[in-house]
Every structure is written in C-alpha cells, then in structure tokens.
Amino acid sequence: MAKTFTANDVKEHSTQDKGLYIIIDGAVYEMGGFVDEHPGGAKILKRVGGKDASKQFWKYHNESVLKKYQDRLKIGELKESAKL
C-alpha cells in the first residue's frame with residue numbers, strides 16, 4: 001500500500017536537508033537525492049520544494065520523463081487535493 005501524505009507533510013519537506021518533497025499530479029516525490037542529477041539544475045527543484053510542481057513539471061517535461069524516474073523517486077500519494 002502506498003503511503004499517503006497531507007499537503008502539510010509535503011510542505012514540511014521543503015529543503016534538501018528535510019528531503020525536498022514535491023507533488024506532481026497528486027503523487028509525492030522525494031527529490032533530495034536527485035537535486036545534483038537534475039539536468040535543469042538544482043535551483044529549480046529547490047524553488048518548488050514542499051509545493052505542487054505539476055504546472056512547472058509539465059511545462060518542461062513529457063510523460064516519458066515521469067515514467068523514467070517514477071519508480072525511483074515516488075514515495076506516495078497526496079491525501080487531500082489541497083493546493084499549496
């Protein structure tokens with residue numbers, strides 16, 4: 001069973017030291033270990049840490065990128081459909 005997170009849980013992990021969680025389409029991803037690998041640079045991930053990054057993600061990526069990293073980075077689902 002997938003772990004569920006509240007919007008506040010994600011918000012509490014807004015920095016790399018705290019895990020750097022982001023939300024994409026209701027799924028929660030832990031990006032702390034991926035920051036240095038991100039082709040767009042660390043700055044952009046740090047800017048969306050603790051927030052819903054769906055809009056920013058889909059602006060620059062397609063579904064194949066999500067599928068490629070999903071197994072490695074997805075840690076659960078958002079419990080509520082609240083915007084951050």
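**Strand pairing, cores and salt bridges**

Ala27 has Glu77 in S4 as its bridge partner. The model is predicted, so local features need pLDDT of at least 70 and side-chain atom pairs pLDDT 80 or more, while totals for chains, interfaces and linings use all residues. Residues are numbered from 1 along each chain, and side-chain values use heavy atoms, without hydrogens or water.

Strands are DSSP runs (E, at least two residues), as are helices (H or I, at least four), numbered from the N terminus. Strands pair if DSSP finds at least two bridges between them. S3 (residues 27-30) and S4 run antiparallel, joined by three bridges. S1 (residues 3-5) runs parallel to S4 (residues 74-78), also through three bridges. Here Phe5 stands opposite Leu78.

A nonpolar core is a set of buried Ala, Val, Leu, Ile, Met, Phe, Trp, Tyr and Cys residues joined through side-chain atoms within 4.5 Å. Buried means under 20% relative accessible area, exposed over 50%, and partly exposed in between (1.4 Å probe, protein chains only). The largest core has 14 residues; Tyr29 and Leu45 are among those with the most contacts inside it. S2 (21-24), S3, H2 (42-48) and H4 (63-73) each give two or more residues to this core. A second, separate core of six residues includes Phe5 and Leu78.

Three salt bridges are present (a side-chain nitrogen of Lys or Arg within 4 Å of a carboxyl oxygen of Asp or Glu). Lys74 and Glu77 meet at 2.6 Å, N to O. Lys74 is partly exposed, at 30%. Glu77 is also partly exposed, at 29%. Arg72 and Glu37 meet at 2.6 Å, N to O. This pair links distant parts of the chain, 35 residues apart.
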